[in-house]
Structure formats: structure tokens, C-alpha cells
Amino acid sequence: GWVVFNGTGTLSISDSYNVSSVTDNGTGDYTIAWDTDFSNANYAVSGMAMKSDTNAVMVAHKRNTSPTASSVNIITASYTSSLVDCDRVSVMAAGDRT
């Protein structure tokens, strides 16, 4: 599954595959729900993000949360570790599906 979305203002998905929704949980905090669940929570997730007024932004799993077969919770943060909403967030997940 994969998704590209705008995380600023009202969240909007630009394009996706096997993604049923992206929920905005607050600044720089998102939950991605899969259309078809993975067979377990041991799938790989990677991502990148862009913010027009920040040089370096990272995508990471949210602390103290683990992926589930049906969703993953990610954060986007600046190099100073402050959570930020980003103009473009791309996330990809690969693993066995049910």
C-alpha cells in the first residue's frame, strides 16, 4: 500500500493504493488505514515528507505506538524534533496481505 497526501490545513489524499483513509490526529500526527489488512503487524513502512519553509523533515513511527495489521501511526517532524504539518507526505508499506 502507499499514499501521497497534503497534511496542511484540511488533509487531502492526492493518490493512493490500498489506503482506505488518512486521519489527522493533530500537528504532524497521522494514522493511515489500509483497505486490505496485512497478514500481521510485521510489514515494512517507509516515507518522506516536504514542507516548503523547512529544510529537513523526517517521517517516523509515532513513539509508543506499533503498527497493526489494519493501520500505522506516523509523525512528521522538523530537524529540531518539533512535529510539523507537511505540504506533501509520501508513505509506502510492503508485506504479506491477508
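Is Trp34 buried or exposed? At 3% relative accessibility, Trp34 counts as buried. The legends below take a closer look at this predicted model.

Close-up 1. Trp34 sits edge-to-face with Phe38, the ring centres 5.5 Å apart and the planes at 90°. Phe38 is tucked away too: its relative accessible area is 2%, so with the limit for buried at 20% this residue counts as buried.

**Close-up 2. Phe5 meets Tyr30.** Here's another of the four aromatic pairs in the model. Phe5 and Tyr30 are edge-to-face as well, with 5.0 Å from centre to centre and 70° between the planes. Phe5 belongs to strand β1 (residues 2–6) and Tyr30 to strand β4 (residues 29–34), so this pair ties together parts lying 25 residues apart in sequence. Both Phe5 and Tyr30 are buried.

**Close-up 3. The four-stranded sheet.** Read across, this open sheet runs β3-β4-β7-β6, and the pairing is antiparallel. The edges go to β3 (19–26) and β6 (57–61); each has a single partner strand, so one side of each is left without a neighbour in the sheet. On average, neighbouring strands here are turned by 25° against each other, direction ignored.

Close-up 4. Look for Val57: standing opposite is Ser78 in β7.

Methods: Residues numbered from 1 in each chain as written. Predicted model: local features only at pLDDT ≥ 70, side-chain atom pairs only at ≥ 80, totals over all residues. Heavy atoms only, no water. Phe/Tyr/Trp six-rings, centres within 6.5 Å; stacked < 30°, edge-to-face > 60°. Helix = DSSP H or I, 4+ residues; strand = E, 2+ residues; numbered from the N terminus. Buried < 20%, exposed > 50% of the residue type's maximum accessible area, 1.4 Å probe, protein only. Pairing = 2+ DSSP bridges. Axes fitted to C-alpha atoms, helices over the stretch in contact; angles between N-to-C directions.
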